[in-house]
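Hi there,

Here is the structure I promised to pass on to you. Have a look at it first, and then read on for what turned up.

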Amino acid sequence: MQTQFRTQQAEDFAWRQHSPGAAVSLFLVSARLPKVEAFRSALEQFGFSVLESFDLRSLPASDKSRLLYLGHRSVSDHGWQVFAAADFSPRPRDWHPSGPDVLPFVDNGRLNEVREMWAYFGTLLQQSGETPPKEQDIFWTPTSNVARALLAEWQPEITDHLVRVIRTGVLSMAPRFPVIRELATRGFARDARTYVVRYKGRPAFFKVYRPGRERLLKNNLLVLKRLGHVPEITTAIEWGSNWLVTPYVDNATTLREVARRAGLIPLPLIRSLASVVYKIHDAGLAHLDFCAWHVLVDSSGRLHVIDFDRIHVYEGEKPPIQQNVMLSGYDRDIDFDGPVKRWSYSEAWAPFTGLPLDVFLNPVGYRVFGFRFCSRVLKTTRRIARLGKSARRRLGRLVLG
């Protein structure tokens, strides 16, 4: 009788319609792993809001067959830690940021990143002196319906609560102003959704943070306090508990696109950028997501540094600017609240400026032109090599065909 009741409750919960805008997933991690709670941080970093976690003593074969897995199926059943998570910015089914391989049977493209997320969790364990996890130590649900059905079977007493939490989360993500369009609908959107909205009769950017990421708003407000006087820093003009509005930059392009078109970022823009970097450092801050995608150029050639969600605040004495982590990078994820991609100048900027860090910070003199000339020659050489390799492949296919 109890089994029949639980089964019926599972079916009811599985087909209950949530408000649009959220996908539900369950992630099962081997209870044998050290610091298994650190997996919560990995989930949060990759765009999932963890709603609940609980222990599962055993995983029946019938339930295991409904789950996805990385490696071969684990033979022993040693207990699992289950994380119930919601994605409030689900991606298209065919979405995968780093390659064409996708899982055609999932209802949320973000699940195509599970391998990368598992590797990130392994990095966290290694940085704590632990052994990285094995592929057979994780399972996850392919769709929201499967997640809701299994959740109702395993923890029926929390299903109503999670329905309310998800519904509240979806409502909290609703734009507060008339939407013109959503931005980066195929981007990562791990922390927030961004829109162009109609604000006081004019376009503006509106960013709303998913549940669990409201603290990133506070970073933006600290930047407003310390750098609001710097024209090149784009700061909030209005905000709420989990959202902010920033000025709209018309006819803007990223420095990454500028570099792609011109080969290298033009020298006047590099000098302006270096000046802004000094101002950020002087304010005792580090922009942890500082890259060529997060600096815009408007039609008048003015820079706009954006996306200060992830910052580091230097308490007390600052290091030399060359050692500011927005330029030098950092080795330990667990010490900094940075994005999944850990930027440094050599990776984020040198390919687009053609300059080493010391010259970028003081971009004057003959060395600037020498380094940029060598960089252009190297880029041209590599491009010719790629074209030659591609031509040889095409010729080989023609001969074999």
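Is F27 buried or exposed? F27 counts as buried, because its relative accessibility is 0%. Please keep in mind that this is a predicted model, so everything below is computed from predicted coordinates.

**Confidence and overall picture**

The average pLDDT of the protein is 90, and 92% of the residues score at least 70. Residues 1-19 have a pLDDT below 50, although that stretch still makes 27 contacts in the model beyond near neighbours in sequence. Where pLDDT is low, the predicted coordinates should not be read in detail.

The protein has 401 residues, of which 49% count as buried, and they are arranged with 14 helices and 15 strands. Its C-alpha atoms fill a box of roughly 85 × 65 × 45 Å along the principal axes. Of the contacts with a separation of 6 or more, 70% come from residues 24 or more positions apart. The protein exposes about 19,800 Å², and carbon and sulfur atoms supply 54% of that area.

L68 has W140 in β5 as its bridge partner.

**Aromatic pairs**

A search of the whole structure finds 21 aromatic pairs. One of them is F27 with F48, edge-to-face at 5.1 Å centre to centre and with 75° between the planes. This pair links distant parts of the chain, since F27 is in strand β1 and F48 is in the loop between α2 (38-45) and β2, 21 residues apart. F48 is buried too, with a relative accessible area of 1%.

W80 and F139 also form an edge-to-face pair, 5.2 Å centre to centre with 75° between the planes. W80 belongs to strand β4 and F139 to strand β5, and 59 residues separate them in the chain. Both W80 and F139 are buried. F27 and F48 also belong to one aromatic cluster with F39, F83, W118 and F121.

**Around β8**

Which parts of the structure does β8 pair with? Strand β7 (residues 192-199) is joined to β8 by eight bridges, running antiparallel, and A192 stands opposite Y209 in β8. Two residues lie between the strands of this hairpin, and K200 takes a positive phi near 50°. Five bridges join β8 to strand β10 (residues 243-247), again antiparallel, with F206 opposite V245 in β10. Six of the eight residues of β8 (residues 202-209) are buried, so this strand is largely enclosed by the rest of the structure.

**An exposed aromatic**

F369 is in helix α14 (residues 366-400). F369 counts as exposed because its relative accessibility is 53%.

Best wishes

Conventions: Residues numbered from 1 in each chain as written. Predicted model: local features only at pLDDT ≥ 70, side-chain atom pairs only at ≥ 80, totals over all residues. Heavy atoms only, no water. Pairing = 2+ DSSP bridges. Helix = DSSP H or I, 4+ residues; strand = E, 2+ residues; numbered from the N terminus. pLDDT = per-residue confidence, 0-100. Contact = heavy atoms within 4.5 Å. Buried < 20%, exposed > 50% of the residue type's maximum accessible area, 1.4 Å probe, protein only. Areas by Shrake-Rupley, 256 points an atom, 1.4 Å probe, with all protein chains shown as cover. Phe/Tyr/Trp six-rings, centres within 6.5 Å; stacked < 30°, edge-to-face > 60°.
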